[in-house]
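The sequence and model are shown first.

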Amino acid sequence: MKAVFGLDAPGWRASCSMGLPISGAIGTARLICILGIVYVHGWTGLPGSDLAARDETTQGIMRWALIELCGRSAVPLLSLISGWLVVRSARQRRYGAFVAGKLRVILLPMLVWNMIALILVIGAARLGWIAAPQPSGIASLLNELVSLSGPAEIDVQMGFLRDLFLCMLLAPLLARMPTVILLAVVALAMAWDVGGWTSVILLRPAILLFFVGGMLAARYRVAEQVGVMPIWLAVLPFLLVLPFKLGLSIAGDATAVQEGHLVALIDLMLRVAAAILVWRISILIALKSGGGWMRALEPYVFLLFCSHVLFMWLLGPMIGRLTGPMGSAAWPAYFVVQPLLALGFAILLGVTLAALSPALARVLSGGRLGRVSRL
């Protein structure tokens, strides 16, 4: 079987035993994924009802493709990387020290960013500068701050950090579990996700699924094996699943498949395939580039994840006045480059913070910044 897929080539086993640029590939994969996530929250200038009416237009199809294929397929790989990275520290550090570290690099930045976003976005909305959700009471405000019972409407990306932090609290226990237990957790999370069951414990059970999958990948050196597989083999699963995703999306409500579990299952399969493909591409980029440019951008990647929604709420509409909303001739070009604009915003913000207040820069970047960085 390995001969059929080219996995018995001399370079395969040799490369698996040699050092791959894993660190550079992780940074590259994170950047690719977070740039893709920006599309999910990209500025359109239209309310939800008008967006739905444009789903079948050329611009609507373009937006759907970028969101579904680039954006929503990014979170699983971020979860896999988190699970892969945490295994060693989860096993070696005492639980108190481990949790304190995650409080500093995940929970504290999440809370501070949420407070900043709430103040700026709600304030701008009340001044009439932008259109944005307004919390209706204390419970709504608390949910915006910490995503207690559901995703936040303003800092929408923070639901991921909230669930990731909960997974981290379990990491020291999970890292010591035998493989059969971890596989059972993966199966449970998969059933939870495909079944569409809701719970305030985890808003997105797929995050637990891929987080534990990353721990298994570290245990069995899957990252190294995928990193040296033939590129066509990394592309193949994505190409095999993609027609099913497209078919179900085109069928839509006409066949009522959207009400079942088939769409959720296909989505899950597509995200696994996308994670394999992006990881293989990240290894390739790290091998070709040497990782120098990625090392320069690495401190700003987490900042991009946290700050891009601020860019969309506050600066997106200002640029949109020049291009027009979705449906305008210039909007597609604006939508395509929004991730790069958000990255530029994050770099400028990071450099400014590091120069003015290294302590605040460390908090907002989860310890990744703290001095003036040079690109």
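## Basis and overall composition

The model is predicted, with local features requiring pLDDT of at least 70 and side-chain atom pairs pLDDT 80 or more, while totals for chains, interfaces and linings use all residues. Residues are numbered from 1 along each chain as its sequence is written, and side-chain values use heavy atoms, without hydrogens and water.

The chain contains 17 helices and zero strands, both being DSSP runs numbered from the N terminus (helices H or I, at least four residues; strands E, at least two). Of its 375 residues, 47% are buried, that is, under 20% relative accessible area with a 1.4 Å probe, counting protein chains only.

## Nonpolar cores

A nonpolar core is a set of buried Ala, Val, Leu, Ile, Met, Phe, Trp, Tyr and Cys residues joined through side-chain atoms within 4.5 Å. The largest has 104 residues, and those with the most contacts inside it include Leu31, Phe160, Leu161 and Trp279. Helix α15 (residues 292-323) supplies the largest share of this core, 14 residues.

A second, separate core of ten residues includes Phe238, Leu242, Leu248 and Ile266.

## Packing of α3 and α5

Helix α3 (residues 22-40) packs with helix α5 (residues 58-71) at about 145 degrees, their axes 8 Å apart. Axes are lines fitted to C-alpha atoms over the stretch in contact, and angles run from 0 to 180 degrees between N-to-C directions.

Methods: Buried < 20%, exposed > 50% of the residue type's maximum accessible area, 1.4 Å probe, protein only.
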